[in-house]
Amino acid sequence: VMGSDQLLNDKKNEKMWMAGVWIFLVVHVLDTYRILWDNFHYDWYRVAQADLPDWLLCVRFVLSLALRILIFWAVAGVLTRRDQYRKLFLGLCWFRLVIVFAHHQYPSFVYISNYLGLNNEDFQQTVLWFGHWYYPGAVARMLNAWVEEFFLAALSILFFMHPKVKRLFQ
């Protein structure tokens, strides 16, 4: 039989872990909203993917929107504390982790940087890395996107697979 102190401690720990769940979900919702905002500026999206043929651009756009809608759906389900939504959310985080390098490619950052006039001085200098010439500003923005997306997905996976978080969904 559990003592009242142990029961209070368990409730306190549950609230702490639920606060973590909320924090991760809010961060994912804000990130997803930001990406949707960018995607809905279709001219911007088209420029960023200028190397893709029109049919592939449309496929990528639809898949990107579908992924964002699934993320919103998974987040809403996680808030109901149903384990199948936690698993869906984990699956989407794994998917984002796997595609991060394909999703954020160097040419896209060059195209959009040029289109938006970001750091025009970057286009006056190049750096030779691994036998190829790169614009340092575009590389920095690409690496930032990689790190941001990779860590958000990886930390979310670690958190939502933690045994104490799993218990919240039973």
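# Pocket lining and salt bridges in a predicted model

The residues lining the largest pocket of this predicted model comprise 20 nonpolar, nine polar and 10 charged ones.

Me: What is the volume of the largest pocket, and how many residues line the pocket?
Reply: Among the lining residues, Gln49, Arg60, Arg68, His103 and His104 lie nearest the centre of the largest pocket. The volume of this pocket is about 980 Å³. The number of residues in its lining is 39.

Me: Which helix gives the most to the lining of the largest pocket?
Reply: Several helices take part: helix 1 (4-40), helix 2 (42-48), helix 3 (54-79), helix 4 (83-103), helix 5 (106-116) and helix 6 each supply at least two residues. The greatest contribution is eight residues, and it comes from helix 3.

Me: Is Ser108 buried or exposed?
Reply: Ser108 is located in helix 5. Its relative accessible area is 10%, and the limit for a buried residue is under 20%. Ser108 is therefore buried.

Me: How far apart in space are Ser108 and Ala50, C-alpha to C-alpha?
Reply: In sequence, Ser108 and Ala50 are separated by 58 residues. In space, their C-alpha to C-alpha distance is 7.4 Å.

Me: Why are Arg34 and Asp31 separated by about one helical turn?
Reply: The side chains of Arg34 and Asp31 meet in a salt bridge, at 2.6 Å from N to O. Arg34 is partly exposed at 39% relative accessible area, whereas Asp31 is buried at 11%. The separation is about one turn because both residues belong to helix 1 and are three residues apart.

Me: Which two helices hold the partners of the salt bridge between Glu148 and Arg34?
Reply: The side chains of Glu148 and Arg34 meet at 3.4 Å, N to O. The pair ties together parts that are 114 residues apart in sequence. Glu148 is partly exposed, with 42% relative accessibility. The helices are helix 6 for Glu148 and helix 1 for Arg34.

Me: Which residues are linked with Asp31 in a network of salt bridges?
Reply: A search of the whole structure finds seven salt bridges. The network links Asp31 with Arg34, Arg96, Glu148 and Glu149.

Me: Is Leu158 buried or exposed?
Reply: Leu158 lies in helix 6 (residues 136-160). Its relative accessibility is 61%, and a residue counts as exposed at over 50%. Leu158 is therefore exposed.

Me: What accessible area do the residues of the nonpolar surface patch have together?
Reply: Leu158 belongs to this patch, along with Val147, Phe150, Phe151 and Leu155. Together, these residues have an accessible area of about 480 Å².

Note on methods
Residues are numbered from 1 along each chain as its sequence is written. This is a predicted model: local features need pLDDT of at least 70, side-chain atom pairs count only at pLDDT 80 or more; totals for chains, interfaces and linings use all residues. Side-chain values use heavy atoms; hydrogens and water are left out. Patches are made of residues with over 30% relative accessible area and no salt bridge: like charges are joined within 9 Å, nonpolar side chains (Val, Leu, Ile, Met, Phe, Trp, Tyr) within 5 Å. Accessible areas come from the Shrake-Rupley method with a 1.4 Å probe; for residues, only the protein chains shown count as cover. A salt bridge is a side-chain nitrogen of Lys or Arg within 4 Å of a carboxyl oxygen of Asp or Glu. Helices (H or I, at least four residues) and strands (E, at least two) are DSSP runs, numbered from the N terminus. Buried means under 20% relative accessible area, exposed over 50%, partly exposed in between (1.4 Å probe, protein chains only). On a 1 Å grid over the protein atoms alone, a cavity is a set of points where a 1.4 Å probe fits but cannot get out, and a pocket is an open set with protein on both sides within 12 Å along at least five of seven lines; lining residues have an atom within 4 Å of a point. Grid points are joined across faces, edges and corners, and a volume is the space filled by probe spheres set on the points. Ala, Val, Leu, Ile, Met, Phe, Trp, Tyr, Cys and Pro count as nonpolar, Asp, Glu, Lys and Arg as charged, and the others, Gly among them, as polar.
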